[in-house]
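The sequence and model are shown first.

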Amino acid sequence: MQGPLLCRPCANSYEVNETGKSPRATVARDVQIIVKTGGSEPLGRLTTQLATLLTEVPMQNLLLLSDLEEDIGFYRVHDVLKDIPAEERAAYPAFALYDQQQALKAEGKDTRALNGWELDRYKNLPIKRKLWNAQQYTKKEERKKWFLFIDTDTWVEWDNLFELLGHLDYRDKLYMGSPVWRKPLIEFAHGGSAYVFSYGVLEALNKPDSHNLGTPLYSQYGVNVTDICCGDLAVALALNDRGIGMKGYWPMFNGEIAATSPYGDDHWCEPVISFHHIGESELDDFWKWHKAWKVKTKGLVSTSPRHLRFDANA
């Protein structure tokens with residue numbers, strides 16, 4: 001399937017009401033959207049997401065982070081692993097795949113046939129350090145207050161996300177998502193279902209004594225990621241070391257697609273913030289249906305007064 005044409009979105013797109021003074025618009029300006037992808041992932045997943053769901057996100061609010069540096073249309077995908085010191089990388093067997101990807105790219109060959117799952121777990125925590133470092137080079141008044149992490153097969157209902165964040169304090173240490181339990185370890189937020197960091201929790205993770213460059217496992221905040229299931233758990237372990245646990249908001253952060261989401265007493269009248277495992281054609285179809293539905297219902301279910309464009313500078 002050929003990916004959709006990627007058009008650069010307007011710098012001031014997002015959704016607001018007709019006055020341009022919606023509280024959601026105010027929240028939206030302060031939210032950084034981080035898409036985690038990989039050089040071995042099917043490219044169509046990212047291109048479809050960029051052409052549908054992410055058209056509502058201004059480019060200054062969007063970061064595409066991967067294990068391979070590349071350009072996708074007008075978008076730059078950044079390699080979050082390239083700055084890990086060579087001596088640390090040598091301790092991670094999965095980085096043989098990283099080197100293989102770099103070699104294939106240098107030869108102009110396709111990296112998508114590789115299986116990058118074992119490498120994926122090493123990206124989650126370096127992403128947090130990259131975000132923190134970027135914030136320190138940003139004027140205080142322009143720093144983001146919230147950070148939403150998604151995969152390329154994640155769907156987000158923006159109105160409901162902003163409504164939730166609008167009731168919370170970004171200075172609190174908030175780590176929120178759909179909870180997963182990994183016995184005998186701890187509860188962690190499932191990455192594909194989307195999860196949120198407040199500025200307060202990003203700051204706490206990166207407190208001054210949180211590992212110095214050159215110390216063992218520096219990029220992973222001291223967590224031995226090689227011995228655990230996944231990068232999502234690594235995030236929870238690093239935060240747990242700093243006395244921070246996750247707050248579960250299931251079923252608002254949802255690991256299902258719309259067609260398979262259960263309905264019952266545990267779900268009734270819960271606003272949807274995310275879906276997961278949405279394929280390329282499903283995402284395109286759902287996007288079109290969703291836009292038409294919002295216009296038809298005037299956003300009654302998501303509590304949005306209207307589905308209109310919003311101005312990020314309003």
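## Terms and basis

The expected span of a helix is 1.5 Å times one less than its number of residues. Helices (H or I, at least four residues) and strands (E, at least two) are DSSP runs, numbered from the N terminus.

The model is predicted: local features need pLDDT of at least 70, side-chain atom pairs count only at pLDDT 80 or more, and totals for chains, interfaces and linings use all residues. Residues are numbered from 1 along each chain as its sequence is written, and side-chain values use heavy atoms, without hydrogens and water.

## Helix H6

The 13 residues of H6 reach 19 Å from first C-alpha to last, close to the 18 Å expected at 1.5 Å a residue. Buried residues (under 20% relative accessible area, 1.4 Å probe, protein chains only) in H6 include Asn 124, Ile 127, Lys 128 and Arg 129.

## Charge over rings

A charge sits over a ring if NZ of Lys or CZ of Arg is within 6 Å of the ring centre and within 35 degrees of the ring normal. The charged end of Arg 129 is placed over the ring of Tyr 218, 3.9 Å from its centre. Arg 129 also lies over the face of Tyr 221, at 4.1 Å from the ring centre.

## Aromatic pairs

Rings of Phe, Tyr and Trp (its six-membered ring) pair if their centres lie within 6.5 Å; planes under 30 degrees apart are stacked, over 60 edge-to-face, and the rest tilted. The whole structure holds 16 aromatic pairs. Tyr 92 and Tyr 122 form a tilted pair, 4.8 Å centre to centre with 40° between the planes.

Conventions
Buried means under 20% relative accessible area, exposed over 50%, partly exposed in between (1.4 Å probe, protein chains only).
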